[in-house]
Amino acid sequence: MKRERGSVAQRMAKLLELPAEIVLDLPKTTLVGGMQVFVENHGGLLSYAPDEIRVRTVQGEIVISGRGLKIGSIMPRELVVDGRISQVELKR
Amino acid sequence: MLVRTLWSHLQGYVIIRAKGRRLEALINEAVAAGARLWRLDRATPRLLVARTDAANFRRIARTGRRLGVRVSALEKRGVPFVLGRWRRRRAFLLVGALFVGLFYGLSRFVWFVDVHGVERLPAEEVVAAAARSGLRPGVLRSDVEREEVVLGLHRELPRIAWAAVEIKGALGTVRVVERTEPDPPLQGPGHIVAAYDGFVERIVVSQGQGLVRVGDTVQRGQPLISGMLVPGSDAFARKVEVGEPPVLRAEGFVAGRVWYRGEAEVAIPPDEAGAVSAEAVAAAGRQASEAAEAAVLEAIPPDGEIKERDLAVVEDMEASPPVVRATLIVSVYQNLGRFSPVAPSPEADGSGLKDESDGQEDGQLQRPEP
């Protein structure tokens with residue numbers, strides 16, 4: 001059922017050329033250089049440490065590794081991580 | 001980002017400190033409830049410093065209590081908190097506002113009126129005239145019609161040639177320029193008398209009776225041109241009829257030679273040996289003549305014209321210390337006469353010739369021997 005609806009929505013999104021992350025609530029992760037990561041549609045923090053920040057999303061877990069990581073801001077839909085980022089990983 | 005920062009400031013934000021184990025849970029719950037957190041700094045695994053909007057602070061603290069995290073406010077920043085602080089200082093603010101208000105209110109009035117440019121006219125008269133035209137201490141600045149005040153000044157003080165009114169702050173300034181009035185016409189009876197001892201070289205009589213001739217020697221105070229009417233003439237009779245002294249105003253010009261004498265004495269300084277050198281004598285001589293000349297020049301009236309000069313320098317070696325005396329005699333061609341009014345007195349019938357300004361040259365008019 002869920003898959004069916006998802007695929008319909010997916011097709012709709014493609015048809016109407018709407019961004020998938022908005023229509024489907026998918027996480028959108030943007031890496032700005034090696035110093036900033038934006039995670040839209042996040043589902044909350046799993047852990048927060050200066051060398052690793054783990055973020056929950058509907059697709060799994062996004063792990064941001066680096067040094068001196070800080071959360072620049074966190075809002076219901078958007079999360080900004082600042083610091084020297086070395087790795088961004090999606091764990092399904 | 002700047003907009004957001006400004007907005008946070010306007011709304012007020014709190015720097016919170018959260019101490020506990022379940023910090024991620026606290027962040028998640030706060031965000032799920034709609035809060036925004038920024039500049040999160042996890043100093044240690046059990047300590048978090050972050051900023052959040054003032055409106056969310058209480059809720060986050062409550063959530064923290066439930067999760068076993070102690071949430072406290074490190075600092076409150078932004079406009080509402082600043083205002084709150086001011087609100088507590090209401091009395092202070094009130095006095096400040098009162099002061100500003102009072103100052104503003106007072107600054108709308110003219111408090112001082114100043115007068116510039118008066119010479120003979122008393123400044124109080126100008127101030128009074130300005131006050132009657134609407135410029136006086138205590139009136140609203142906006143009520144002062146400058147043109148009206150200027151017109152009023154001209155109306156009330158005919159001796160003013162020009163007036164301007166300026167208002168700067170609480171000070172109203174009236175600038176006036178007085179009319180330069182001609183000297184009162186010379187009138188009234190009187191004689192021309194000698195102002196100096198001298199020798200008459202020129203005499204021109206335009207009104208009155210000339211009493212001296214070229215070549216006469218005159219003394220200070222001596223009448224030169226008489227204003228006395230000749231007894232028996234029509235003018236004399238008319239004057240007597242109305243009870244006025246039979247004296248008219250003598251007019252004319254008497255010029256001649258006046259001698260001035262200037263003296264000076266300068267000591268000759270002896271040199272180391274106690275002797276008097278020729279140079280020292282010469283220097284003292286120069287000094288003495290200069291001093292004598294200065295004394296003479298000071299006495300000569302501005303219209304005087306130096307005709308002759310005679311300088312005598314004498315060394316007196318017998319005196320101790322030895323001195324040099326310089327005597328300068330200058331003859332000057334100049335005006336000799338001076339008008340001397342006669343006070344109108346009914347009983348005076350020509351004998352009232354009196355040098356009032358001198359006081360001592362009192363006496364009968366004496367005609368020079370022909």
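Which residue forms a salt bridge with B:Arg175?

## A first pair, and how to read this report

The partner of B:Arg175 is B:Glu166, and the closest N and O atoms of this salt bridge are 3.5 Å apart; the term salt bridge stands for a side-chain nitrogen of Lys or Arg within 4 Å of a carboxyl oxygen of Asp or Glu. B:Arg175 counts as partly exposed because its relative accessibility is 36%, and B:Glu166, at 31%, counts as partly exposed too. Here buried means under 20% relative accessible area, exposed means over 50%, and partly exposed is what falls in between (1.4 Å probe, protein chains only).

This is a predicted model, in which local features need pLDDT of at least 70 and side-chain atom pairs count only at pLDDT 80 or more, while totals for chains, interfaces and linings use all residues. Residues are numbered from 1 along each chain as its sequence is written, chains are lettered from A and ligands numbered from 1 in the order in which they are written, and side-chain values use heavy atoms, with hydrogens and water left out.

Side chains of opposite charge can pair when their charged atoms come close. Over all chains, a search of the whole structure finds 15 salt bridges, and one of them joins B:Glu201 to B:Arg257, with the closest N and O atoms 3.1 Å apart. This pair links distant parts of the chain, since B:Glu201 belongs to strand S9 (residues 198–207) of chain B and B:Arg257 to strand S13 (residues 251–267) of chain B, 56 residues apart. Strands (E, at least two residues) and helices (H or I, at least four) are DSSP runs, numbered from the N terminus. B:Glu201 is partly exposed, with a relative accessible area of 27%, whereas B:Arg257, at 14% relative accessibility, counts as buried.

In another salt bridge, the side chains of B:Glu265 and B:Arg325 meet at 2.7 Å, N to O. B:Glu265 lies in strand S13 of chain B and B:Arg325 in strand S15 (residues 323–335) of chain B, so this pair ties together parts that are 60 residues apart in sequence. B:Arg325 has a relative accessible area of 35% and is therefore partly exposed. Salt bridges that share partners also join B:Glu201, B:Arg257 and B:Glu308 into one network.

Helix H7 of chain B, which covers residues 146–156, has B:Val149, B:Val150, B:Gly152 and B:Leu153 as its buried residues. Seen down the axis of H7(B), these residues fall within an arc of 160 degrees, so they line one face of the helix; the arc is that of the directions from the helix axis to the C-beta atoms. An α-helix has 3.6 residues a turn, so residues three or four places apart point the same way.

The face of H7(B) turned away from the buried side carries the exposed residues B:Glu147 and B:Arg155. Helix H6 (123–132), strand S6 (160–168) and strand S7 (171–178) of chain B are included in what covers the buried residues of H7(B).

## Two residues and their surroundings

B:Ser8 lies in helix H1 (residues 2–11) of chain B, and it counts as buried because its relative accessibility is 5%. Leaving aside its neighbours within four places in sequence, B:Ser8 is in contact (heavy atoms within 4.5 Å) with B:Tyr13, B:Arg36 and B:Trp38. With the side chain of B:Arg36, the side chain of B:Ser8 makes a polar contact of 3.3 Å. A polar contact is a pair of N or O atoms within 3.5 Å; within protein, one must be able to donate a hydrogen and the other to accept it, and residues adjacent in sequence count only if both atoms are side-chain atoms.

In chain A, A:Arg77 is placed in the loop between strand S5 (60–74) and strand S6 (78–91). Apart from its neighbours within four places in sequence, A:Arg77 is in contact with A:Asp25, A:Val39, A:Glu40, A:Asn41 and A:His42, and a polar contact of 2.7 Å joins its side chain to that of A:Asn41.

## Where the chains meet

Between chain A and chain B there is 1 salt bridge, formed by A:Lys70 and B:Asp41, whose closest N and O atoms are 3.8 Å apart. The two chains also have 7 residue pairs in polar contact (both at pLDDT 80 or more).
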